[in-house]
Amino acid sequence: YSLLAQVYSKLCRPADAATMSALDAKARDLRSAESFAATGDWDKALQADTTFLSAFPDSSRGLYIQGLILFNGYRKIDEATQALKQAVLKNPVDIEARRLLGIMYWVSGNKPAFEAEMKLVLAADPLDALAHYYWGRYEFENKRFLEARTHLEWAQRFRPEDERVATNLALTYEALGLSQQAEKQHVASVALATRQDSPDPWAYLNYGAFLLNTQRNAEALPVLKKAMALPKVHPKAYYLTGVAYARTGQPVAAAECLEKAVASEPGWVEPRVELAVVYDQLGRTQEAAAQRKLLERPANSALDQRTP
């Protein structure tokens, strides 16, 4: 559009030159939308993408970016799904749009549609590492651990620097009883997350839970403290760190973390169970009784590892 504007200007066609200049400005909004989305500035990203689509409503790229923004920035799954359906309709070979559409189907509970989209993605590009990554997570969620292992190992071959792949592969190895391989992947995921200054807590949380589940409580504490140091602390970081403090003889610090876990997720059973025990250790028996009144202690207080 910029070149056309220059040509029209030289041909003394000012109206056409102005039109091309205006389209060029709006076309640049797509790049702005992508940049804002990459930094998590969702409001500006959506505004720029909306401006772009007002000029280019049939752009599959613009519709894909809209779907990405609506899901990642606002968790508007239905609206994101519609935008991505339009993107795929405009350009059936848009692999990024089709992959994200599949993820929308997965998170909304439409498993057959997820599988159908991912099969199309991998038929078009068998080496699509992200498709293998998400399919591996999907298989893990459905407790098909051997299939999950196949997809995640494939994903890691092409995304060796992605801590999400490593931590999910670690969980899969754990489910298969392969503890040594699991720990190797946990260590790798933590190293990657630390080196890349990732804001995602799951590499730390999953390895921390692994260490706690194997009674290596003192080793778990410095790993979990890394999750606690992130700008946004996940509720599970408070919980697991509280458990680690309690198991290493630091009940005051344990109570502080567990109280924050309870405040973050009032309906979550396990932190209240652990908090009641810690209150008893501190001689705060009335507060312990109050916690037990709210929720009865379950038979097992498992340190589950939730897939990111």
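User: Which helix do W154 and F158 both lie in?
Analyst: This is a predicted model, where local features need pLDDT of at least 70, side-chain atom pairs count only at pLDDT 80 or more, and totals for chains, interfaces and linings use all residues. Residues are numbered from 1 along each chain as its sequence is written, and side-chain values use heavy atoms, leaving out hydrogens and water. Helices here are DSSP runs of H or I, at least four residues, numbered from the N terminus. W154 and F158 sit four residues apart, about one turn, and their helix is α9 (residues 145–158).

User: Is the aromatic pair of W154 and F158 stacked, edge-to-face or tilted?
Analyst: Rings of Phe, Tyr and Trp (its six-membered ring) pair if their centres lie within 6.5 Å; planes under 30 degrees apart are stacked, over 60 edge-to-face, the rest tilted. For W154 and F158 the centres are 5.7 Å apart and the planes make 55°, so the pair is tilted.

User: Which residues do ring pairs link into a cluster?
Analyst: By that rule the count comes to 10 aromatic pairs. The cluster joined by ring pairs is W106, F114, W135 and Y138.

User: What is the pLDDT over residues 298–303?
Analyst: pLDDT is the predictor's confidence in each residue, from 0 to 100. The protein averages 91, and 89% of the residues score at least 70. For residues 298–303, the pLDDT is below 50.

Terms used: Contact means heavy atoms within 4.5 Å. Helices (H or I, at least four residues) and strands (E, at least two) are DSSP runs, numbered from the N terminus.
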